[in-house]
Amino acid sequence: MRVIGLMSGTSYDAIDAAAADLTLDGDLLVLRPLGSLRLPMPESVRVALGAALPPAATTLQAVCELDTGIGQAFADAAERANGELCAGRADLVASHGQTVFHWVEGDRVRGTLQIGQPAWIAERTGLPVVADFRPRDVAAGGQGAPLVSVVDVLLLGGRAGAAVALNLGGIANLTVVAAGRDPIAFDTGPANALIDAATREYTGREYDVDGALAARGIVVPALLDRLLAEPYYARPAPKTTGKELFHLAYLEGILAGLGELAAEDVIATVTELTVRTVADAVLRCGATEVIASGGGTRNPVLMAGIARRLPGVSLSTSDSVGLPSADKEAYAFAVLGFLTAHQLPGTIASCTGARHASVLGAVTPGARPFAWPGADRAPVRLVIDQGAA
């Protein structure tokens, strides 16, 4: 089955589309990457989304307009991916949509909202669409995240020691896979969220390219201490967070009373915050290796800092196991869509904290009848087939 996975992360600057040919072979799920595309989010949509996200106030009209605009942008991405990556022969689209709110009270997630109306994708491509993946896990008592943990467990199971899959998006999350214990997954805190917020506020740029600003700055101990005092870091897993907590106004509140600081020093300090919180979480898990993905892997200051605080722990990217680090989440949602099509669970209860594993998503039909194949048993391992497409 050829599945297109669509993903827009917490930076909401682009839509990633990855196409995969997926096959069940007994207990194995075989993924053959067909390629990926990265399309910029339309500027008008990006600006409107930034104006509507917490802590800003918004209106139902604005949410409705964004639901349509993001859905149309995702439809553009799916149409291009089908034509350019699948030769027009895709079977299914799996769309994460855009998270606009993750409702957390204490250690419980009460709800989660991803928008980007899938009807626009189905209408444009004629393909069935699986979307709205997270709410089913929340309804089952889970955090609704990190959903990539099922892919991490299938991909890293059987490796020696304790393997950690680390995603460095706007928020950092990890999955721990070790023999003899249940896998766990959780958000460690911000990865790029505060770095991007500070960079945008001080320089007008969207992100710190190659970590150049952080490299020129120095870490401010008083600011770092305040940042590390955030109670979220001490909470036990499973736990999730987002830009509802880690945003520019949050950073400005912590900066209050510290006097005027150089932009490079603030950016260096929030970069070090990510280094510390990620590395501390990895060390508490007893990791022997870390396999990283996401946009943060392109920040050499961030990656070098994590490596520095993890002596004796191997640090590589998901490219080393066959999944391009920039596209891993889009491929992961292609896998989740495939699992839903086969009526197989897309979660692992110990990773999300749910009462049980769940088949995920809501389905928007395509132009033609779709034979939902089903399967007798869930796969226990994911294999990446690097053969020619």
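Which helices do the buried residues of α8 pack against? Keep that one in mind while you set up the view.

**Before you click**

This is a predicted model, in which local features need pLDDT of at least 70 and side-chain atom pairs count only at pLDDT 80 or more, while totals for chains, interfaces and linings use all residues. Numbering starts from 1 along each chain as its sequence is written, and side-chain values use heavy atoms, with hydrogens and water left out. Helices (H or I, at least four residues) and strands (E, at least two) are DSSP runs, numbered from the N terminus.

**Stop 1: helix α8**

Select residues 221-228, which make up α8, and show side chains: Leu223, Leu224 and Leu227 are buried. Here buried means under 20% relative accessible area, exposed means over 50%, and partly exposed is in between (1.4 Å probe, protein chains only). Look down the axis of α8 and the buried residues fall within an arc of 100°, so they line one face of the helix. That arc is taken from the directions from the helix axis to the C-beta atoms. As background, an α-helix has 3.6 residues a turn, so residues three or four places apart point the same way.

Now for the opening question: the buried residues of α8 pack against α6 (193-203), α9 (248-255) and α10 (263-284). Contact means heavy atoms within 4.5 Å.

**Stop 2: α8 against α9**

The axes of α8 and α9 are 10 Å apart, and the helices pack at an angle of about 125°. Axes are lines fitted to C-alpha atoms, for helices over the stretch in contact, and angles run from 0 to 180 degrees between N-to-C directions. α8 and α9 are therefore oblique to each other; under 35 degrees counts as roughly parallel, over 145 as roughly antiparallel, 65 to 115 as roughly perpendicular and the rest as oblique. Their crossing is right-handed. A crossing gets that label if the near helix is turned clockwise from the far one by less than a right angle, and is left-handed if anticlockwise.

Which residues of α8 and α9 meet? On the α8 side, pick Leu223, Arg226 and Leu227; on the α9 side, Tyr250, Leu251, Ile254 and Leu255. By class, this contact of α8 with α9 has 6 nonpolar residues, no polar ones and 1 charged. For the classes, Ala, Val, Leu, Ile, Met, Phe, Trp, Tyr, Cys and Pro count as nonpolar, Asp, Glu, Lys and Arg as charged, and the others, Gly among them, as polar.

Stay on α9, where Tyr250, Leu251, Ile254 and Leu255 are the buried residues. They cover an arc of only 135° around the axis, which puts them on the same side of α9. The partners of the buried α9 residues are α6, α8 and α10. Step past the end of α9 to Gly257, where phi is positive, near 90°.

**Stop 3: α1 and α2**

Jump to α1 (residues 43-52) and α2 (residues 60-85), whose axes come within 10 Å and cross at roughly 140°. This pair is therefore oblique too, but with a left-handed crossing. To see the contact, select Val45, Ala48, Leu49 and Ala52 of α1 with Leu66, Gly69 and Ile70 of α2. That gives 6 nonpolar, 1 polar and no charged residues.

**Stop 4**

Most residues other than glycine have a negative phi, and most peptide bonds are trans. Where do the exceptions sit?

- Pro54 to Pro55: a cis peptide bond, omega near 10°, with Pro55 in the loop between α1 and α2.
- Ala237 to Pro238: also cis, omega near 0°, with Pro238 in the loop between α8 and α9.
- Ala87: positive phi, near 55°, in the loop between α2 and β4 (92-95); it is exposed at 58% relative accessible area.
- Gln343: positive phi, near 55°, in the loop between α12 (328-341) and α13 (349-352); it counts as exposed at 53%.

**Stop 5: Ala292**

Finish at Ala292 in strand β11 (residues 289-293). Ala292 is buried, with a relative accessible area of 0%. Leaving out residues up to four places away in sequence, its contacts include Leu166, Met303, Leu315 and Ser325. Draw a C-alpha to C-alpha distance to Leu168: 7.2 Å in space, against 124 residues in sequence.
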